[in-house]
Amino acid sequence: MPLNLPNILTWSRLFAVPVVMVALFLPGSSASWTALTVFILAALTDYLDGHLARSRGQLSPFGTFLDPVADKILVASVILALVALDRIDGWTLIAAFVITLREIVISGLREFLAGARRALPVSRLAKWKTAVQMVALGLLILGGHGDPLPNTQWLGEASLWLAAILSVITGLDYFRAHLGDVLNGPAAHPTKQDTAAE
């Protein structure tokens, strides 16, 4: 397990999860702002760790494994907490379910392809999906507690629906590109992994 800056940033995203969770369940606007601040910093590491790993030539199998895992743990944990706090409720639960289901399915596809040393390249639209998803969760973390905008909750819900739509589109794109691999088995030929968020 190489201890370099990209991997340290990835680990920090995991360590941020319990901090965000505790802050979310504490009362008061200051706790919500603390949760939002830590969440934003953690989300930024999702971009920085992959960028630094590529620019510094520090890509590693461990980092390639840990980066998407840390991203999914952060997103899933925040979604579950927001559901428990009723900041995601009603019809918006469907959007949260779609996003979570997509993460699980794509993780399965990634694991399937990894068995034959095949990469799952990240599309530009998928990167936009991740950005919209993080913005949505950030807005919902505030959830009316000390928020600077009168429509923060509504904007968060609308953004979450947009992220859900992009999740479906990008998920179908991945499966369309690898349908032959899924049905017939992947041809074993190694390719470089992209460690950015999918």
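I began at the residue that comes just after H2, Gly-57, and noted that its phi is positive, at about 65°. The model is a predicted one, and I keep that in mind for every entry below.

I then turned to H2 itself, which runs over residues 29–55.

Next I looked up H1, residues 5–25, where the 21 residues reach 31 Å from the first C-alpha to the last, close to the 30 Å expected at 1.5 Å a residue. I found a bend of about 25° in H1 at Ala-16, with a proline, Pro-18, following within four residues. Ala-16 is also buried, and among the other buried residues of H1 I listed Leu-9, Arg-13, Val-17, Val-20 and Leu-24.

How do the axes of H1 and H2 cross? I noted that they come within 8 Å and cross at roughly 165°; since angles over 145 degrees count as roughly antiparallel, the two helices are therefore roughly antiparallel to each other. I recorded the crossing of H1 and H2 as left-handed, and by class their contact has 16 nonpolar, five polar and three charged residues.

Last, I checked Val-83, which I located in helix H3, residues 61–84.

Technical notes. Residues are numbered from 1 along each chain as its sequence is written. This is a predicted model: local features need pLDDT of at least 70, side-chain atom pairs count only at pLDDT 80 or more; totals for chains, interfaces and linings use all residues. Side-chain values use heavy atoms; hydrogens and water are left out. Axes are lines fitted to C-alpha atoms, for helices over the stretch in contact, and angles run from 0 to 180 degrees between N-to-C directions. Angles under 35 degrees count as roughly parallel, over 145 as roughly antiparallel, 65 to 115 as roughly perpendicular and the rest as oblique. A crossing is left-handed if the near helix is turned anticlockwise from the far one by less than a right angle, and right-handed if clockwise. Ala, Val, Leu, Ile, Met, Phe, Trp, Tyr, Cys and Pro count as nonpolar, Asp, Glu, Lys and Arg as charged, and the others, Gly among them, as polar. The expected span of a helix is 1.5 Å times one less than its number of residues. The bend at a residue is the angle between axes fitted to the seven residues ending there and the seven starting there. Buried means under 20% relative accessible area, exposed over 50%, partly exposed in between (1.4 Å probe, protein chains only).
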